[in-house]
Amino acid sequence: MKSLKGRLIFVITLLVTVCTVFLTVGSYLRMRSQIVNDLDNEIRSVATSYNAVLSNWIQINTSLVDSLSQALGKGNDLEASLTMIRGGGNFLSVYLGQPDKTFTNNPANPPPAGYDPTVRPWYKAAMEAKKPIVTSAYMGVNPPGLMISFAAPVKGGDGGVVAADVFLTKIVEQILNVKLSGDGYAFLLDKSGQVLAHADQSKVLKPAKDIAPELTLENLTRAC
């Protein structure tokens with residue numbers, strides 16, 4: 001009897017232990033799934049919000065440069081038009097490059113000797129697209145800082161290309177100030193997967209996969 005009783009106690013104890021383990025694991029998996037789901041929703045919400053803000057900002061600046069190209073195409077005064085758009089868009093500089101290599105900018109900082117606007121990336125990209133374009137981000141030299149350029153052809157390119165430069169400083173600051181749960185942080189990429197804003201400055205203008213190997217352009221595109 002004692003042997004049978006002992007066996008029964010052992011079996012019951014084992015069953016209780018197994019049930020406890022299953023319940024604990026099940027509870028953990030449910031909690032983990034909920035936490036992951038909550039984090040995913042938080043990240044997507046933040047990303048969607050900032051994507052809307054950035055898209056609107058880009059659209060406004062693109063429209064300003066496009067309106068400048070149309071105004072110049074109609075024969076409006078060059079200097080007055082450059083000044084007005086620079087002030088309206090808070091651009092660092094606004095300029096016109098012409099097919100004969102003439103370059104006019106506002107503020108009127110003379111370019112280096114022999115400067116040819118027709119071979120610059122912003123000029124060639126706008127001429128090829130035949131419509132307003134936004135360049136990839138690049139690091140300016142004078143003054144230094146991360147910036148992008150908006151450009152548009154004048155008279156389909158016959159009148160050259162107008163462009164405007166703008167710093168990404170404020171946008172970068174906003175991204176870096178985003179607070180996420182735990183130790184989470186935000187960073188900004190362009191459509192090619194290039195890092196535009198990151199707490200580690202050494203990662204800026206580098207491929208996203210430098211942050212984490214799984215952040216390839218293919219995976220990022222699939223996630224979007």
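I looked up the side chain of D165 and found a polar contact of 3.4 Å joining it to the side chain of Y138. The model is predicted, so I take the distance as a computed value.

I placed D165 next: the residue lies in strand β6, residues 161-167.

I then listed what D165 touches, leaving aside residues up to four places away in sequence. Y138 is on the list, along with F91, L92, S93 and Y95.

I moved to helix α2, residues 78-89. At 1.5 Å a residue, its 12 residues should span 16 Å; I found the end C-alpha atoms 17 Å apart, which agrees.

Which residues of α2 are buried? I noted S81, L82, I85 and G89. Seen down the helix axis, the buried residues fall within an arc of 100 degrees, so they line one face of α2. On the face turned away from that buried side I found the exposed residues M84 and G87.

Last, I checked both ends of α2. At the start, a side-chain oxygen of D77 reaches to within 3.4 Å of the backbone nitrogen of E79. Just after the helix, N90 takes a positive phi of about 55 degrees.

Methods
Residues numbered from 1 in each chain as written. Predicted model: local features only at pLDDT ≥ 70, side-chain atom pairs only at ≥ 80, totals over all residues. Heavy atoms only, no water. Helix = DSSP H or I, 4+ residues; strand = E, 2+ residues; numbered from the N terminus. Expected span 1.5 Å × (residues − 1). Buried < 20%, exposed > 50% of the residue type's maximum accessible area, 1.4 Å probe, protein only. Arc of directions from axis to C-beta. Polar contact = N/O pair within 3.5 Å; in protein donor to acceptor, adjacent residues only side chain to side chain. Contact = heavy atoms within 4.5 Å.
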